[in-house]
Number of protein chains: 2
Amino acid sequence: MADDDFTMQDEMRRAFSMLSGKWKLEIMWLLNQRVHRFGELRKVIPGITQHMLTAQLRELEADGLISRTVYAEVPPRVEYEMTAKARGLGPTMEALTAWWLEYGKTVPQKAITRGRKKQRLEK
Amino acid sequence: MADDDFTMQDEMRRAFSMLSGKWKLEIMWLLNQRVHRFGELRKVIPGITQHMLTAQLRELEADGLISRTVYAEVPPRVEYEMTAKARGLGPTMEALTAWWLEYGKTVPQKAITRGRKKQRLEK
DNA sequence: CGGTATCCAAAATGATACTG
DNA sequence: CAGTATCATTTTGGATACCG
């Protein structure tokens with residue numbers, strides 16, 4: 001009966017939690033395309049602070065979604081990459097992208113500034 | 001060249017923002033399965049407060065992802081449903097579900113309590 | 001370069017009480 | 001039943017300083 005639905009949602013909760021950080025979808029979307037260095041992520045995610053980027057990356061790493069590789073060079077280089085587990089998210093990211101490209105544009109612009117100021121137009 | 005990537009990510013940002021609330025993925029996943037009443041959502045999303053549920057629903061509505069229908073009955077009944085626009089998210093939700101069912105179980109349990117206490121096991 | 005640490009401000013979320 | 005109002009707590013942002 002609806003019992004299956006309940007169990008399913010219950011299992012999904014961990015997945016929701018792992019992707020619910022404020023910048024995690026964007027980070028995972030970027031890493032799904034290719035490996036990124038720390039500085040690269042900072043550059044391509046306007047508005048994120050070093051502090052938050054570090055925190056979100058640490059959480060994703062703790063959840064086993066990304067791996068962190070430090071290269072012993074000067075200056076140091078650190079690369080973030082999807083783990084094998086997270087690479088299974090590819091179809092999800094691609095479906096999300098396809099959805100937005102098809103239905104997203106049908107909406108007025110609003111304000112996308114994810115910085116804290118005017119996160120959302122008048123409530 | 002990489003210009004396309006930049007533009008793409010730039011457009012995707014609105015989509016990320018619309019789905020980045022703490023409970024939005026779970027709400028959309030549930031609504032993707034069927035229409036839900038306010039009280040139903042409360043019941044099937046353990047830990048969410050009335051306040052937060054209301055807030056998240058209002059934001060999703062403002063973003064055109066869900067519709068709110070009030071039935072003039074006593075006691076009042078309010079149903080939330082995906083809009084045509086959001087129904088395009090179906091494949092995304094299904095890909096996410098398929099991913100988790102295949103790769104998710106490979107992980108230790110940790111703590112899923114999404115309440116604010118012990119959101120995450122030792123950091 | 002890729003962080004960590006600190007301090008403060010603002011925003012998001014939670015808890016509880018109350019209401020049409 | 002489906003909220004709103006109020007207040008408390010947590011999370012996130014901003015800025016700056018410091019380090020291997």
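User: What share of the contacts in chain A with a separation of 6 or more comes from residues 24 or more positions apart?

Analyst: Keep in mind that this is a predicted model. In chain A, that share is 46%.

User: Why is the pairing of B:E26 and A:R13 called a salt bridge?

Analyst: The cut-off is 4 Å between a Lys or Arg side-chain nitrogen and a carboxyl oxygen of Asp or Glu. Here the N to O distance is 2.9 Å, so the pair of B:E26 and A:R13 qualifies. The count between chain B and chain A is two salt bridges.

User: Which element gives the largest share of the side of chain B that touches chain A?

Analyst: That's α1(B), with twelve residues. By class, this side of chain B has 27 nonpolar, ten polar and 14 charged residues.

User: How much area is buried between chain B and chain A?

Analyst: About 5000 Å², and carbon and sulfur atoms give 63% of that. B:R14, B:W99 and B:W100 supply 15% of what chain B buries against chain A, more than any other three residues. As for contacts, 51 residues of chain B touch 51 residues of chain A.

User: What makes a residue of chain A count as buried, and how many do?

Analyst: A residue needs under 20% relative accessible area. Of the 123 residues in chain A, 42% count as buried.

User: And what pattern does chain A follow along the sequence?

Analyst: Reading along, you get α-α-β-α-α-β-β-α-α, with six helices and three strands in chain A.

Terms used:
Residues numbered from 1 in each chain as written. Chains lettered and ligands numbered in written order. Predicted model: local features only at pLDDT ≥ 70, side-chain atom pairs only at ≥ 80, totals over all residues. Heavy atoms only, no water. Contact = heavy atoms within 4.5 Å. Buried area = accessible area lost by both parts, 1.4 Å probe. Helix = DSSP H or I, 4+ residues; strand = E, 2+ residues; numbered from the N terminus. Nonpolar A, V, L, I, M, F, W, Y, C, P; charged D, E, K, R; others polar. Buried < 20%, exposed > 50% of the residue type's maximum accessible area, 1.4 Å probe, protein only.
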